[in-house]
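Please read the sequence and the three-dimensional model together. The report below takes up backbone geometry, the packing of helices and the arrangement of strands.

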Amino acid sequence: MDSFFFFFAGPAIPVGVDVQVESLDSISEVDMDFTMTLYLRHYWKDERLSFTSTTNKSMTFDGRLVKKIWVPDVFFVHSKRSFIHDTTTENIMLRVFPDGHVLYSLRVTVTAACNMDFSRFPLDSQSCSLELESYAYTDEDLMLYWKSGDESLSIDDKISLSQFLIQKFHTTSRLAFYSSTGWYNRLYINFTLRRHIFFFLLQTYFPATLMVMLSWVSFWIDRRAVPARVSLGITTVLTMSTIITGVNASMPRVSYIKAVDIYLWVSFVFVFLSVLEYAAVNYLTTVQERRERKLRDRAVREQSLPCTCGMSHTRTMMLDGTYSEADTNSLAGYTEAPMVPDEVVPEKQEHMVVHLSVSSESTNTKKKGIRALRIMQNTHAIDKYSRMIFPGAYIIFNLIYWSVYC
């Protein structure tokens, strides 16, 4: 016990650290953490463990000796779970050299917190760090440092993640202060991950874009086909709602807007506006047809009144007996009126009033004009403009979106 206190009576003990990352197991956006398996190695000198050796070879021990000597009390800051592997035995190795230098190595899996920023999700990059620190000994008692600088961290080349590209691993160190206990040396394993976008293009962006384009099909459907246009609009709206719900289910409930939220909600607004567009078209069509029906009814009532005073629609001719029957029948477009009483025209024994209708050429021209007008009215003006405005606005939105976030 006396030697123990004498050992810490002098300056701070330097403890070098190096790490070999075996695997980066998972990244969880919902829990905002990562899981890493690594080999953690400590290097220091304890003269009390020195021994005489003619071959200058080290001695290697398992974890049973660790409980009988002093070892650094390094722990992982912000760790949620961690454990030392114990299959088939505890993965702990202790190597002692004749001059008292000690190598202490263990295989650990740790799950640590990572503060992620999802404002650019899924076009984002995340920076996480694993932090190591002595639990009990301040910088006056134990000096924790990276043994070989950046070369103290080695990475397995086979490490890969399904959703991320590992861009960079590097080491840093600094002092951490606790108001109640003092200053401590802290080591950082920093790494940067860039998310693969192709998965989200297939699962989120392409379906959302296709739903928006599908909603534009209603602009080419006859405005009188109410069931077709309404069912198409409702289907696209419900599909967009399902896509938005599916994306948010796999994300933490953050209080800010993500990049994917902007795209999905703008797409949802386009789909919803296409439904409102048909509601406007249907309403205006109903108003227009009601107005036209009133005009037709008024025209029918006016035409049903007997009037021979004007010649705009019919022309009247008086025929007497000097015309032969053949001449009378040759008058196409004339209709026979009742005989004029003898009291009015006593000198004529036979009189006949014939009404001349509008010429056949003017009647055909009017019919063609009405038919063309009806064809033009079947495609409402709002539908015509929507066929250009909706795709144009959505293309502009996509250009701005991808130029900002890519």
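Predicted model: local features only at pLDDT ≥ 70, side-chain atom pairs only at ≥ 80, totals over all residues.

What follows is a short account of selected local features and contacts.

A cis peptide bond, with omega at about 0°, joins T87 and T88, and T88 lies in the loop that runs between β5 (79-84) and β6 (92-96). The bond from F121 to P122 is also cis, with omega near 0°, and P122 is placed in the loop between β7 (101-113) and β8 (125-134).

Two residues other than glycine have a positive phi, namely M32 and H78. The table sets out their phi values and relative accessible areas.

| Residue | Phi | Relative accessible area |
|---|---|---|
| M32 | near 55° | 23% |
| H78 | near 65° | 51% |

M32 belongs to the loop between β1 (13-28) and β2 (33-45), whereas H78 is found in the loop between β4 (74-77) and β5. Are these side chains buried, partly exposed or exposed? With a relative accessible area of 23%, M32 is partly exposed, while H78, at 51%, counts as exposed because the cut-off for that class is over 50%.

The helices come next. Two packed helices are described by the angle between their axes and the distance between the axes. Helix α2 (residues 198-216) packs on helix α4 (residues 259-304) at an angle of about 15°, and their axes are 9 Å apart. Because angles under 35 degrees count as roughly parallel, α2 and α4 are assigned to that class. The crossing in which α2 passes α4 is left-handed. On the side of α2 the contact is made by T204, Y205, A208, T209, M211, V212 and S215, and on the side of α4 by V260, Y263, L264, S267, F270, V271 and S274. Sorted by class, the contact of α2 with α4 holds nine nonpolar and five polar residues, with no charged residues.

The last topic is the sheet. Four strands form an open sheet in the order β4-β8-β12-β11, and their pairing is antiparallel. β4 and β11 (164-178) stand at the edges, and each has a single partner strand, so one side of each is left without a neighbour in the sheet. From one strand to the next, the twist averages 25°. How many bridges join β11 to β12? The antiparallel strands β11 and β12 (residues 182-195) are joined by 14 bridges, and I166 stands opposite L193 in β12.

Terms used: Residues numbered from 1 in each chain as written. Heavy atoms only, no water. Helix = DSSP H or I, 4+ residues; strand = E, 2+ residues; numbered from the N terminus. Buried < 20%, exposed > 50% of the residue type's maximum accessible area, 1.4 Å probe, protein only. Axes fitted to C-alpha atoms, helices over the stretch in contact; angles between N-to-C directions. Parallel < 35°, antiparallel > 145°, perpendicular 65-115°, else oblique. Left-handed = near helix turned anticlockwise from the far one by under 90°. Contact = heavy atoms within 4.5 Å. Nonpolar A, V, L, I, M, F, W, Y, C, P; charged D, E, K, R; others polar. Pairing = 2+ DSSP bridges.
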